[in-house]
Amino acid sequence: LSRNQRVKNVKDAFRADEEELISGVPFSVLLLDDVFTTGSTSTACAVALKACGVTRVSYISLCVAEQI
C-alpha cells in the first residue's frame with residue numbers, strides 16, 4: 001500500500017480503554033512492532049493512547065522497510 005493508503009487503512013483501527021488505564025496519572029507507553037514502514041500504525045496507536053491521557057508514547061521497531 002502507498003503511504004496514504006496505509007494511513008487510511010489504520011485510521012480509527014485502534015482504541016484504548018480509558019477504564020483500563022490508570023486514571024489521572026501521567027504515564028508513558030512503549031510500543032513495540034516488528035517492522036516500521038510508513039509509521040501509520042504507530043501514529044494511529046499513539047493517537048488512541050493519547051486520547052485516553054497517556055502523556056508520552058515511544059516506539060521501538062526491529063526492522064525498517066525501505067523501497068529500493
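Trainee: Is S40 buried or exposed?
Mentor: This is a predicted model, and S40 sits in helix 2, which covers residues 40–51. The relative accessible area of S40 is 8%. The cut-off for buried is under 20%, so S40 is buried.

Trainee: Which residues is S40 in contact with, leaving aside its neighbours within four places in sequence?
Mentor: Contact here means heavy atoms within 4.5 Å. With neighbours within four places in sequence set aside, the contacts of S40 are R3, R6, V7 and V10.

Trainee: Is A16 buried or exposed?
Mentor: A16 is placed in the loop between helix 1 and strand 1. Its relative accessible area is 17%. Since buried means under 20%, A16 is buried.

Trainee: Which residues does A16 touch, leaving aside its neighbours within four places in sequence?
Mentor: A16 and G53 are 37 residues apart in sequence, with 9.8 Å between their C-alpha atoms. For contacts, neighbours within four places in sequence are left out. The contacts of A16 are then A48, L49 and C52.

Trainee: How far apart in space are D17 and C52, C-alpha to C-alpha?
Mentor: D17 lies in the loop between helix 1 and strand 1, and at 36% relative accessibility D17 counts as partly exposed. In sequence, D17 and C52 are 35 residues apart. In space, C-alpha to C-alpha, D17 and C52 are separated by 7.4 Å.

Trainee: What is the relative accessible area of L32?
Mentor: L32 lies in strand 1. L32 is classed as exposed, and the cut-off for exposed is over 50%. The value for L32 is 63%.

Trainee: Which elements give two or more residues to the nonpolar patch on the surface?
Mentor: The patch is formed by L30, L32, I60 and L62, and together these have about 440 Å² of accessible area. The elements that give two or more residues to the patch are strand 1 (28–36) and strand 2 (56–64).

Trainee: Why does F36 count as partly exposed?
Mentor: F36 has its place in strand 1. Partly exposed covers the range between the buried cut-off, under 20%, and the exposed cut-off, over 50%. F36 falls in that range because its relative accessible area is 28%.

Trainee: How far apart are F36 and S61 in space, C-alpha to C-alpha?
Mentor: In sequence, F36 and S61 are 25 residues apart. Their C-alpha to C-alpha distance in space is 6.0 Å.

Trainee: Which residues are in contact with C63, leaving aside its neighbours within four places in sequence?
Mentor: C63 lies in strand 2, and at 41% relative accessibility C63 counts as partly exposed. C63 and T37 are 26 residues apart in sequence and 8.7 Å apart in space, C-alpha to C-alpha. With neighbours within four places in sequence left aside, C63 is in contact with D34, V35 and F36.

Trainee: Which element gives the most to the lining of the largest pocket?
Mentor: The largest pocket has a volume of about 200 Å³. The elements that give two or more residues to its lining are helix 1 (3–10) and helix 2. With 6 residues, the element that gives the most is helix 2.

Trainee: Which lining residues lie nearest the centre of the largest pocket?
Mentor: The lining of the largest pocket is made of 15 residues. Of these, the ones nearest the centre are K11, D12, T43, A44 and V47.

Trainee: What pattern does the chain follow along the sequence?
Mentor: The chain has 2 helices and 2 strands. Read along the sequence, these follow the pattern α-β-α-β.

Trainee: Among contacts between residues at least 6 apart in sequence, how many join residues at least 24 apart?
Mentor: The chain has 68 residues, and 21% of them count as buried. Among the contacts between residues at least 6 apart in sequence, the share that joins residues at least 24 apart is 79%.

Conventions. Residues are numbered from 1 along each chain as its sequence is written. This is a predicted model: local features need pLDDT of at least 70, side-chain atom pairs count only at pLDDT 80 or more; totals for chains, interfaces and linings use all residues. Side-chain values use heavy atoms; hydrogens and water are left out. Patches are made of residues with over 30% relative accessible area and no salt bridge: like charges are joined within 9 Å, nonpolar side chains (Val, Leu, Ile, Met, Phe, Trp, Tyr) within 5 Å. Accessible areas come from the Shrake-Rupley method with a 1.4 Å probe; for residues, only the protein chains shown count as cover. A salt bridge is a side-chain nitrogen of Lys or Arg within 4 Å of a carboxyl oxygen of Asp or Glu. Helices (H or I, at least four residues) and strands (E, at least two) are DSSP runs, numbered from the N terminus. Buried means under 20% relative accessible area, exposed over 50%, partly exposed in between (1.4 Å probe, protein chains only). On a 1 Å grid over the protein atoms alone, a cavity is a set of points where a 1.4 Å probe fits but cannot get out, and a pocket is an open set with protein on both sides within 12 Å along at least five of seven lines; lining residues have an atom within 4 Å of a point. Grid points are joined across faces, edges and corners, and a volume is the space filled by probe spheres set on the points.
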